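Trainee: I've got a new model open on my screen. Can you show me how to read its main features?

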Amino acid sequence: MFDTPTYKIADGENRIFIKREDLIPVCFGGNKARKAVEFFKDIDSGNYDCVVTYGSSSSNHCRIVSSMCAMRGLDCFIIGPVEASKPTYNSRMIEILGAETTFVNIDDVHDTIENKLASLRTAGRRPYFIPGGGHGNIGTGAYVSCFEEILKYEAEKNMKFDYIFFASGTGTTHAGLVCGKLIYKDEVNIVGISIARKNPYGRDMVLSSIKEFLAEKEDLKISEESIDKATVFVDDFISGGYASSDKDTKDTITRILKLHGIPMDSTYTGKAFCGMEKYLEKHKIKDKNILFLHTGGTPLFFDDINDLA
Ligand SMILES: *Cc1c(COP(=O)(O)O)cnc(C)c1O
């Protein structure tokens with residue numbers, strides 16, 4: 001258990017708490033760190049000598065995987081789309097950490113990964129593949145553990161959260177939290193703020209991750225209906241989609257930095273926090289305990305810094 005720091009940051013119309021996944025002590029932390037630690041348990045207990053994964057030049061996931069490989073002396077191969085290959089603080093770190101990055105047209109990504117794995121095997125290597133973003137049941141399971149930490153916090157403080165908000169991207173983090181809620185029969189409302197995907201596609205991806213994870217836990221007998229009800233995916237705040245943001249998001253990032261000394265970024269956490277505030281207002285939610293899960297992305301804060309007021 002990481003038991004990432006959780007504390008109250010505001011006491012206005014609602015009591016707003018934050019859980020700092022960005023402070024997970026693995027190379028600038030974040031949700032990708034929580035997921036990768038689980039993948040590396042698999043790697044460390046198996047007979048692998050290198051890792052292959054996928055992501056863009058701004059990928060928090062690729063930074064973490066590069067770091068965890070470097071710490072073990074494992075070679076790390078990253079395949080990414082050339083459409084998202086412009087240098088960032090993450091890509092610079094990935095380079096320093098010694099990972100080998102190959103950018104190809106997005107349509108060629110799948111085949112390039114297959115070819116890389118095949119050629120490594122032909123050369124007598126033993127590669128482990130981590131899906132982009134740490135997607136899949138291992139990543140989902142990491143966020144069931146996070147949900148357990150939230151329950152533990154509530155028990156210690158003798159309180160309950162009414163809502164949990166966070167940035168929802170590929171949906172693994174979202175899926176893990178919903179699985180936690182369903183497994184522990186908790187009442188909390190889980191609201192994923194989409195950072196790019198629209199409904200119904202974005203929500204369908206979350207649902208399929210939930211079902212894939214729960215398929216291994218058939219004895220729990222969780223109904224389709226309860227899964228459906230528990231999965232709230234809000235696509236009102238995506239702005240121009242991935243890595244785009246509006247003025248409100250940037251103002252929110254500046255305000256949160258000034259008020260609380262907490263860095264957020266315009267792709268994920270700043271967008272989600274800003275969306276959360278608008279959602280609370282729109283739905284006239286008052287006098288509730290609200291938890292915002294800060295999912296990390298600290299290097300992206302620095303990519304944005306010149307845009308901040
Ligand atoms: C990847 C990421 C997310 C989204 O997580 P998913 O599990 O892909 O939905 C949110 N915040 C940050 C900082 C991320 O890097």
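This is a predicted model: local features need pLDDT of at least 70, side-chain atom pairs count only at pLDDT 80 or more; totals for chains, interfaces and linings use all residues.

Trainee: Which helices and strands each supply at least two residues of the lining of the largest pocket?

Mentor: Those are α1 (31-45), α2 (60-72), β7 (163-168) and α6 (172-183). The space in that pocket comes to about 780 Å³. It has 37 lining residues, and the closest to its centre are Gly 133, Gly 169, Thr 170, Tyr 242 and Tyr 268.

Trainee: How does the lining of the largest pocket split by class?

Mentor: There are 21 polar, 11 nonpolar and 5 charged residues.

Trainee: On to charges. How many salt bridges does a search of the whole structure find?

Mentor: For a salt bridge, look for a Lys or Arg side-chain nitrogen within 4 Å of a carboxyl oxygen of Asp or Glu. The search turns up 22. One of them pairs Asp 49 with Arg 125, with the closest N and O atoms 3.1 Å apart.

Trainee: What does the pair of Asp 49 and Arg 125 tie together?

Mentor: Asp 49 sits in the loop between α1 and β3 (50-54), and Arg 125 in the loop between α4 (109-122) and β6 (127-130), so the pair joins parts 76 residues apart in sequence.

Trainee: And which helices hold Arg 255 and Glu 277?

Mentor: Their side chains form a salt bridge at 2.6 Å, N to O. Arg 255 is in helix α9 (residues 247-260) and Glu 277 in helix α10 (residues 269-282). Arg 255 is partly exposed at 35% relative accessibility, and Glu 277 is partly exposed at 26%.

Definitions and conventions: Residues are numbered from 1 along each chain as its sequence is written. Side-chain values use heavy atoms; hydrogens and water are left out. On a 1 Å grid over the protein atoms alone, a cavity is a set of points where a 1.4 Å probe fits but cannot get out, and a pocket is an open set with protein on both sides within 12 Å along at least five of seven lines; lining residues have an atom within 4 Å of a point. Grid points are joined across faces, edges and corners, and a volume is the space filled by probe spheres set on the points. Helices (H or I, at least four residues) and strands (E, at least two) are DSSP runs, numbered from the N terminus. Ala, Val, Leu, Ile, Met, Phe, Trp, Tyr, Cys and Pro count as nonpolar, Asp, Glu, Lys and Arg as charged, and the others, Gly among them, as polar. Buried means under 20% relative accessible area, exposed over 50%, partly exposed in between (1.4 Å probe, protein chains only).
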